[in-house]
Structure formats: structure tokens, C-alpha cells
Amino acid sequence: MELCGADVPVYSGADKPLLRTYQNATWFHGRDGLGDHNYPPPRDLPEIYTLADAIIEAIEANPGVVLVTLAPLTNVALALAKRPDIAGKVAGAWLWVGHRAAKAT
């Protein structure tokens, strides 16, 4: 986000999948996760909250929000496990899964 000049919070997400064995994708994304383009390391640290907590907070603050996600959905699952009631506060969802987008209502 710093490279883009965006001043937005960044949160740490889940460090592994919920049910399957973790597999890294360094073969695709590189060792740095950004294609090994030698970008400078970030200067700022992630926010204190986890991404699951940030999702809960965002939905609570914006009832009727439409959730737009990129796969995998581990952090959404963690948020729902922690606070199942937030599901009723989401108006809909667009899920990017693989190479297609799907609207969930």
C-alpha cells in the first residue's frame, strides 16, 4: 500500500488454512509474495487487530454492506466463527474464487 501512496490500514490475516495443509505458492508469487521484484520492505507495521476482527468491526459499522472478497476466505470464516450474527448484517457478497467472480446473495 505504501508503494501506491495509499494511506489505509493493513491487517494481518490468518497464517494458515482452516482445514487443509498449508502450501506456499512461491513458485507463482515469488519468495516475497510480489513476484520477487525487489520492492523495498514496508516501513509500517500491520494494525494490532487481526483481519477477522477488522471484518467484524467494518460490518458492525456499516450494516447492509456488500462484502467483496479475494480467495481464500479463511479470514471471513474466522470472523463468522467469532461473531455469527454479522452474517445477517451483510446485504450480499461478491466472491473472487479462482479465475471467476461469483455473486452470493
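Biologist: Asn 38 sits in the loop between H1 and H2. What do helix and strand labels stand for?

Modeller: Helices (H or I, at least four residues) and strands (E, at least two) are DSSP runs, numbered from the N terminus. This is a predicted model in which local features need pLDDT of at least 70 and side-chain atom pairs count only at pLDDT 80 or more, while totals for chains, interfaces and linings use all residues. Residues are numbered from 1 along each chain as its sequence is written, and side-chain values use heavy atoms, leaving out hydrogens and water.

Biologist: What is the phi of Asn 38?

Modeller: Here is the general idea. Most residues other than glycine have a negative phi. Asn 38 has a positive phi of about 60°, although it is not a glycine. Asp 36 also has a positive phi, near 55°, and lies in the loop between H1 (26-29) and H2.

Biologist: Is Asn 38 buried or exposed?

Modeller: Buried means under 20% relative accessible area, exposed over 50%, and partly exposed in between (1.4 Å probe, protein chains only). Asn 38 counts as exposed because its relative accessibility is 69%. Asp 36, at 30%, counts as partly exposed.

Biologist: Which residues of helix H2 are buried?

Modeller: In H2 (residues 51-61), they are Ala 52, Ala 54, Ile 55, Ile 56 and Ile 59. These buried residues pack against strand S1 (65-70), helix H3 and strand S2 (90-97). Over the protein chain, buried residues make up 14% of the 105 residues.

Biologist: Which residues does Thr 74 touch?

Modeller: For touching, we use contact, meaning heavy atoms within 4.5 Å. Leaving out residues up to four places away in sequence, Thr 74 touches Ala 14, Lys 16, Pro 17 and Leu 18. Thr 74 lies in H3 (residues 74-82), and it counts as buried because its relative accessibility is 14%.

Biologist: Now the whole chain, please. How many helices and strands does it have?

Modeller: The protein chain has three helices and three strands, and along the sequence they follow the pattern α-α-β-α-β-β. The C-alpha trace spans about 45 × 30 × 25 Å along its principal axes. Among the contacts in the protein chain with a separation of 6 or more, 67% join residues 24 or more positions apart.

Biologist: How many positive and negative side chains are there?

Modeller: Lys and Arg count as positive and Asp and Glu as negative, while His and the chain ends are not counted. The place of a charge is NZ of Lys, CZ of Arg, CG of Asp or CD of Glu. The protein chain has 9 positive and 11 negative side chains, and the centres of the two sets lie 10 Å apart.
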